[in-house]
Amino acid sequence: MAARGVAVVGAGYWGQNLVRNMAQLDRLAGICDASDAVRQKMARSYPKARVTGDLDELLDDPEIGAVMVVVPSSRHHEVARRALHAGKHVFVEKPIALSVSDGADLVRTADERDLRLMVGHLLLYHPCVEWLKRSIDAGDLGEVLYLNALRLNLGKVRSDENAMWSLAPHDISVALHLLGTSPTHVTAQGFCYLQRRTGIEDVVFLTLRFGDGRAAQIHVSWLDPDKKRQLDVVGTRKMVTFDDMAASEKVRVMDKGVDGVDQLDRAPSYESYGDLLTLRHGDIHIPHIPMREPLRAECEHFLHCVDTGERPRSDGHSAVEVLKVLQAGQQSLEAGGVPVALSPSPGGLRGPRA
Ligand SMILES: NC(=O)c1ccc[n+]([C@@H]2O[C@H](COP(=O)([O-])OP(=O)(O)OC[C@H]3O[C@@H](n4cnc5c(N)ncnc54)[C@H](O)[C@@H]3O)[C@@H](O)[C@H]2O)c1
């Protein structure tokens, strides 16, 4: 069994949440941050943890078995790589890295050393996404045709990455997880309003096209009046909306659809198509889904994987699939929205873990 201690590297806006969770789970052993002010604050709040600006101090500590990397994305590869080379299990925030080759390098390094590598695709630990996955896999929605995701808010504006890299990893990871496959083509269109000089897109519309005709549309923005976190799943039998901003009753299952599509082949003429199709407006069902904080579930899952050797649900392999979509999306953005083809991964997407 790995040493129990966990170190968190980067205790800024997001990292402090991981620090809090690891402390509450009684596993926090160290905190590393480049900022004096952050270190002072952490030392006051967590007097039992070793707080330092020198990562090697924590990497050399045999009591620390795992490292959580919560530094800006441009540093993920470098910091995660150092931790893996020091023999530590690694949790790294999304996106795993900024290039597919860097992401693949982390996966290879972890695999060669038999270390767990988990990526912070937080929504995969959301009870509503878990519920959706079970429903889709059980065939309750029929065949899923397309997904539509919104991740909008006013802020947090970032200057080191665009809205796609900052926000879309969540929705891409959910789309790949729910559909169980990677897209064949990615199209992205982006718009800069706040940082025109540096060309950082504030608003991005991303379309993922899958080989079997299914699609996922993702709209992300940090320049929007309302905070929206929504996912619609359109299946042939049922349609679902998941509204993460709703205080309760986040998921609604609608017995809505269009019947008669399978009859169309037998239609005598195009003009008679409409007669064969009937709109179905059935009942709306609100399932009871017990809630728990996704971040706590994510942290517990990481510790479970470190302690047992189990492969994480959001492991490095699946994170590289997400990264391929982001990289293709960036290419498409830069080319003004042309579709970019993705080469299929050998062996495809690995099956999800329950
Ligand atoms: N899962 C989520 O929902 C979610 C939400 C927000 C941010 N994030 C991710 O968390 C990561 C951090 O984002 P943030 O908003 O907290 O950024 P931030 O700038 O607020 O914090 C980063 C911290 O890392 C420190 N740092 C930078 N380089 C370092 C290094 N080499 N060694 C040690 N410390 C270093 C900085 O001093 C700072 O305190 C990003 O990858 C981001 O994508 C995830």
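Helices, of at least four residues, and strands, of at least two, are taken as DSSP runs and numbered from the N terminus. In the predicted model described here, Pro-95 falls within the loop that connects β5 to α5 (100–112).

The chain as a whole contains 10 helices and 15 strands. Its radius of gyration is 22 Å, close to the 20 Å given by the globule rule for 354 residues, so the chain is as compact as a globular protein of that length. Along the principal axes, the C-alpha atoms fill a box of roughly 75 × 45 × 40 Å. Of the 354 residues, 51% are buried. Among contacts with a separation of 6 or more, 66% are between residues 24 or more positions apart. The accessible surface amounts to about 16,600 Å², and carbon and sulfur atoms contribute 50% of this area. Charged side chains number 42 positive and 47 negative, with the centres of the two sets 3 Å apart.

Helix α1 spans residues 15–24, and its buried residues are Gly-15, Asn-17, Leu-18, Val-19, Asn-21 and Met-22. The packing partners of these buried residues include the strands β1 (5–9), β2 (28–32), β4 (64–69) and β5 (89–92). Helices α2 (36–45) and α9 (294–308) also pack against the buried residues of α1. Following α1 comes Asp-26, which has a positive phi near 60°.

The model contains 2 aromatic pairs. In one of them, Phe-91 and Phe-302 are arranged edge-to-face, with 5.7 Å from centre to centre and 65° between the planes.

Phe-191 is part of strand β8 (residues 185–191) and Phe-205 of strand β9 (residues 203–209), so the pair ties together parts that are 14 residues apart in sequence. Phe-191 has a relative accessibility of 33% and therefore counts as partly exposed. Phe-205, with a relative accessible area of 33%, is partly exposed as well.

Positive phi values in residues other than glycine were also found in loops. Phi of Asp-114 is near 55°, and this residue is located in the loop between α5 and β6 (117–119). With a relative accessibility of 55%, Asp-114 counts as exposed, because the term applies to values over 50%. For Glu-249, phi is near 50°, and the residue is situated in the loop between β12 (239–243) and β13 (251–259). Glu-249 has a relative accessible area of 48% and is therefore partly exposed.

Key:
Residues are numbered from 1 along each chain as its sequence is written. This is a predicted model: local features need pLDDT of at least 70, side-chain atom pairs count only at pLDDT 80 or more; totals for chains, interfaces and linings use all residues. Side-chain values use heavy atoms; hydrogens and water are left out. The radius of gyration is taken over C-alpha atoms; the globule rule is 2.2 Å times the number of residues to the power 0.38. Buried means under 20% relative accessible area, exposed over 50%, partly exposed in between (1.4 Å probe, protein chains only). Contact means heavy atoms within 4.5 Å. Accessible areas come from the Shrake-Rupley method with a 1.4 Å probe; for residues, only the protein chains shown count as cover. Lys and Arg count as positive and Asp and Glu as negative; His and the chain ends are not counted. The place of a charge is taken as NZ of Lys, CZ of Arg, CG of Asp or CD of Glu. Rings of Phe, Tyr and Trp (its six-membered ring) pair if their centres lie within 6.5 Å; planes under 30 degrees apart count as stacked, over 60 as edge-to-face and the rest as tilted.
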